[in-house]
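Trainee: Could you walk me through this model? I have not seen it before, and I would like to begin with the terms.

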Amino acid sequence: MGHSKSPKIKPHHYVIRTALFAVKNILKIKRNNKMRENMNHRRRMDLLRQEIRDEQQAMDNCSHGDWTEPIYDPETNQVPYSFKTVGQGSDVWMEPDGYKDETKDRWSRECKKCGKIQYTYTQEPVIVGRKPSFK
Ligand SMILES: [Zn+2]
């Protein structure tokens, strides 16, 4: 149900309509659950497969227009340190003593609609406000 553009609809009518819509939705979910209970495994599986296809399609077609606020989400990598020579004779190679965690600045945000997570390693300056200029 979208927002009604009609000026005749008063807020309390809108609330009633929204409540009715919610009740209808609950009844629909209950009916669907009942339907699922009566299904055999194959039919339930077919239904789930269809739902997965629908969800995948909705994700693929998302325009990612509404993102969450970015969060600091550093990337951690394991990097080798202090290499040493191992082996004997002509059969020698280098091996690290161990690995340590190395973090890299990174930020992420999530599409509110489809859940896609986008990462960035760069920042740009934010210009805040104005002040009188006497130049
Ligand atoms: Zn999206």
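Mentor: Let us begin with burial: a residue is buried if 20 or more other C-beta atoms lie within 10 Å of its own, and exposed if 12 or fewer do. Please also keep in mind that this is a predicted model.

Trainee: What share of the chain counts as buried, then?

Mentor: Of the 135 residues, 0% count as buried. The radius of gyration is 28 Å, whereas a compact globule of 135 residues would have one near 14 Å. Along the principal axes, the C-alpha atoms fill a box of roughly 85 × 75 × 20 Å.

Trainee: Which elements make up the chain, and in what order do they run?

Mentor: There are two helices and five strands. From the N terminus on, the order is α-α-β-β-β-β-β.

Trainee: Is helix 1 buried or in the open?

Mentor: The number of buried residues among its 27 is zero, so helix 1 lies largely in the open. Helix 1 covers residues 11–37, and at 1.5 Å a residue it should span 39 Å; its end C-alpha atoms are 39 Å apart, which agrees.

Trainee: Moving on, where is Gly 65?

Mentor: Gly 65 sits in the loop between helix 2 (41–60) and strand 1 (71–72). Gly 65 counts as exposed because it has 8 C-beta neighbours inside 10 Å, and the limit for exposed is 12 or fewer. Its C-alpha atom is separated by 40 Å from that of Asn 40, 25 residues apart along the chain.

Trainee: And the strands: what does strand 1 pair with?

Mentor: Strand 1 pairs with strand 4 (residues 107–110) in the antiparallel sense, over two bridges. There, Ile 71 has Ser 108 as its bridge partner.

Trainee: Which residue of strand 5 is the bridge partner of Ser 108?

Mentor: That partner is Tyr 119. Strand 4 and strand 5 (residues 117–120) run antiparallel and are joined by four bridges. They form a hairpin with six residues between them, and Gly 115 in the turn has a positive phi of about 90°.

Trainee: How many bridges join strand 2 to strand 3?

Mentor: Strand 2 (residues 75–88) and strand 3 are joined by 13 bridges and run antiparallel. Lys 84 stands opposite Glu 95 in strand 3. This hairpin has two residues between its strands, and Gly 89 in the turn has a positive phi of about 60°.

Trainee: Is strand 3 buried or in the open?

Mentor: Strand 3 (residues 91–104) lies largely in the open, because the number buried among its 14 residues is zero.

Conventions:
Residues numbered from 1 in each chain as written. Predicted model: local features only at pLDDT ≥ 70, side-chain atom pairs only at ≥ 80, totals over all residues. Expected span 1.5 Å × (residues − 1). Pairing = 2+ DSSP bridges. Rg over C-alpha atoms; globule rule 2.2 N^0.38 Å.
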